[in-house]
Amino acid sequence: METAAGPSGSSSCKDDFLLSDPTIPLILASNSFTESPLTQGKLTPFIWDKVPILIPEIESISDPKDNIDLDQFQPVLVDSSRYGILVNAKAALGQIPREKYRSIREQANPFEKIGRSIFMNRAGVKLVNLDAVFGLTGHSGGLLAQQTAKEFTFADIAGAPGAFSQYLLYRNPEAYGYAISLKTRSPSLRWKTDLLDLSRLNITYGEDDTGDLYTNADWFANWVRKTAPSGVDLVTADGGFEVKNRRKQEILSFRLIMVEVLTALQILKSGPSEETSGRLVLKLFDTVTLLTGELIFLLTLAFKEINIIKPITSRPANAEKYLVARGIRRERANEIVLFLRELNSIYQSGRIVTQLVNPESIPECFFQYLRAINQQALNNQLIAIRNIGNVVKGIKLEIPIYNLPKSLIIWNVPGNEEVRRRYNVNRPIDTPNTGYRATIAGSAYPAQRDISEPLSQRSPRSPRLTHSQPPTIM
Ligand SMILES: C[S@@+](CC[C@H](N)C(=O)[O-])C[C@H]1O[C@@H](n2cnc3c(N)ncnc32)[C@H](O)[C@@H]1O
């Protein structure tokens, strides 16, 4: 990729970056609805308008994937000694037997019981949560108008079993989606097609029938563009796989995140304004190496605004967080696509990439932003792990009490059995248009599809508490 025009000037660099989900102050049990998230600190986006000199330098070495030399990928964008403590603490957590860990986590994570609303798994409520914070779907209904019907297209990449698509199609039954995800032997990672409206979701496994974005990123982008030539309104990229060594997770996940970006940049709608152009939701793990920092930096060039957030629906002891970007800069995005395509072919030839951009050409302001995010993420994870440790030791936890059903109300989705049981809520907190025929003030609300059950088995008020997320600390 050619160098871009560079600034001699600098961009304003705020130092109050926050990773916190603004839902938190709203659901503190003591505060009711009186606290505004703004009074608790606003989620500050990173906006980089002036583009510095960008000289990509690609070093590549021959190295099999499992044999990655971590010395080349030091955690330089965080306090490295505290990061070492975190990695060791996570390794220790890995020693706790799965079943036991599940129950400990339940006690230590104040948001664990938020449940999954009416969706097939917890990932569904993560997108609900992100939508409420960032207005991804443009939905603005009240409790009796949880659904919207307007033109809306999306691509759900690395999206199986499909809770993200399920949510998007619930929120907007007129939406249309394109989806791809790795074909795996694990039944829990196959598309749950019985819970998805396949007349509005087009699932493909790509040119080679693997669903693998490593080999199908460009093919998928062309396939989407054939029927949606101007691109899609939203790309969700939630890819991940189990990595035993947490310290390696960031580096081993790098190629997947990179091809997700490669795909997304090709299919996001460019619009006259930030409001009308497409949005990206991209899952990240740790972001403490220069390699990841450089990729995120490229995203700050491709978009007018990026935010990094850890939604409360994401387990606090893990590294997962989400980057939400908007306002694509089409020309620059196209340049970056060429560059990422080249990187992907390096991986395809059995080598790995150690550097994308000369770090000296990245403004200090950007690193300041990422370090602040990383430091906060590190501290939050250490607190969450200490809480888990205290449960193991039988020490009583002092954590704030949250009103979790309220979060579902704020996010404007139906409740679920888990939260009801926990809070001993006897009457349904679902609103009338979420699967049940009901009459309010004399008018009959039409029954909507109950999308938490297979189409063939839908019946009102049947229990639907069967699935919970596998106990990973991904
Ligand atoms: C956490 S799950 C996604 C959950 C999903 N968002 C939902 O709402 O149900 C991560 C997905 O990434 C997929 N994945 C991992 N590597 C991939 C690859 N190389 N290409 C495509 N998908 C991949 C996994 O198979 C898995 O389905």
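This is a predicted model: local features need pLDDT of at least 70, side-chain atom pairs count only at pLDDT 80 or more; totals for chains, interfaces and linings use all residues.
Q: What is the mean pLDDT of the chain, and how many of its residues reach 70 or more?

A: The mean pLDDT of the chain is 80, and 76% of the residues reach 70 or more.

Q: How is the packing of two helices described, and at what angle do α2 and α10 pack?

A: Two packed helices are described by the angle between their axes and the distance between the axes. Here, helix α2 (residues 80–93) packs with helix α10 (residues 364–393) at an angle of about 35 degrees, and the axes lie 10 Å apart. The crossing of α2 and α10 is left-handed.

Q: Which residues make the contact?

A: From α2 come Arg82, Tyr83, Leu86, Ala89 and Leu93, and from α10 come Leu378, Gln381, Leu382, Ile385 and Ile388. By class, eight residues of this contact are nonpolar, one is polar and one is charged.

Q: Which residues come nearest to the ligand, and which helices each supply at least two residues of the shell around the ligand?

A: Of the 22 residues around the ligand, Ala123, Ala158, Ala163, Leu182 and Asp238 come nearest. Helices α5 (163–171) and α6 (213–227) each supply at least two residues of the shell. By class, the shell has twelve nonpolar, eight polar and two charged residues.

How values were computed
Residues are numbered from 1 along each chain as its sequence is written. A residue is near a molecule or strand if its C-beta atom, placed from the backbone, lies within 6 Å of it. Helices (H or I, at least four residues) and strands (E, at least two) are DSSP runs, numbered from the N terminus. Ala, Val, Leu, Ile, Met, Phe, Trp, Tyr, Cys and Pro count as nonpolar, Asp, Glu, Lys and Arg as charged, and the others, Gly among them, as polar. pLDDT is the predictor's confidence in each residue, from 0 to 100. Axes are lines fitted to C-alpha atoms, for helices over the stretch in contact, and angles run from 0 to 180 degrees between N-to-C directions. A crossing is left-handed if the near helix is turned anticlockwise from the far one by less than a right angle, and right-handed if clockwise. Two residues are in contact if their C-beta atoms, placed from the backbone, lie within 7 Å.
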